[in-house]
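Here is a short report on one protein model. Look at the fold first, then at the charged pairs.

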Amino acid sequence: MIQLRTWLDVADNSGAKRVHAIKVVGRGNAKYAEIGDIVVGSVRKALPSSPIKPGTVVRGVVVRTRNAHRRPDGTYVRFDSNAIVLIGEDKSPRGTRVFGAVARELRKKGFTKIVNLASEVV
């Protein structure tokens, strides 16, 4: 579960490294975001040469959570860190590479480009 003020790692090569979650988008008045939900966040750490500077407000899709996510078949998937991939207004990734594993629930939510860029789909 991702909620207000959660620190998130950025799992792409857009230039941002850490993001501070501000709001869950598209789920009404939801307090928590799950895998595949869109989150608004503020960049807290970034590479010096990147176009994204600290303090920039960005949107990202949650690709990994430390809290276990239950699948319809009864299995659970859990990751070592909370991570997002930064996206644009058209839901396409801002980076050209995605690092680490991502959950396959992203394909159902319409983020096939992120699934295709990922090195491993769990």
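Which residue's side chain meets that of Asp9 in a salt bridge? The partner is Arg18, at 3.2 Å from N to O. A salt bridge here is a side-chain nitrogen of Lys or Arg within 4 Å of a carboxyl oxygen of Asp or Glu.

## Basis of the model

This is a predicted model: local features need pLDDT of at least 70, side-chain atom pairs count only at pLDDT 80 or more, and totals for chains, interfaces and linings use all residues. Residues are numbered from 1 along each chain as its sequence is written, and side-chain values use heavy atoms, with hydrogens and water left out.

## Overall fold

The protein chain holds 2 helices and 9 strands. Helices (H or I, at least four residues) and strands (E, at least two) are DSSP runs, numbered from the N terminus. Along the sequence the pattern reads β-β-β-β-β-β-β-β-α-α-β.

A barrel is closed by 5 strands in the order β1-β2-β3-β4-β7, with mixed pairing. Neighbouring strands of this sheet are turned by 55° against each other on average, direction ignored. The axes behind that angle are lines fitted to C-alpha atoms, for helices over the stretch in contact; angles run from 0 to 180 degrees between N-to-C directions. Strand β1 (residues 7-10) pairs with β7 (residues 83-87) in the parallel sense, over 2 bridges. Two strands pair if DSSP finds at least two bridges between them. Asp9 has Ala83 in β7 as its bridge partner.

## Size and packing

The C-alpha atoms fill a box of roughly 45 × 30 × 25 Å along the principal axes.

Of the 122 residues, 45% count as buried. Buried means under 20% relative accessible area, exposed over 50%, and partly exposed in between (1.4 Å probe, protein chains only). Among contacts with a separation of 6 or more, 48% join residues 24 or more positions apart. Contact means heavy atoms within 4.5 Å.

## Salt bridges

The whole structure has 4 salt bridges. In the Asp9 pair, Asp9 is partly exposed at 24% relative accessible area. Arg18 is also partly exposed, at 28%.

Lys109 and Asp37 meet at 3.3 Å, N to O. Lys109 lies in the loop between α1 (105-108) and α2 (112-117), and Asp37 in the loop between β2 (16-25) and β3 (38-46), so the pair ties together parts 72 residues apart in sequence. Lys109 is partly exposed at 44% relative accessibility, while Asp37 is buried at 7%.

Arg71 and Glu105 meet at 2.6 Å, N to O. This pair links distant parts of the chain: Arg71 in the loop between β5 (69-70) and β6 (76-77), and Glu105 in helix α1, 34 residues apart. Both Arg71 and Glu105 are buried. Salt bridges that share partners also join Arg27, Asp37 and Lys109 into one network.

## A buried histidine

Where is His20 found? His20 is in strand β2. The residue is buried, with a relative accessible area of 16%. Not counting residues up to four places away in sequence, His20 touches Arg5, Thr6, Trp7, Val40, Gly41, Ser42 and Arg44.
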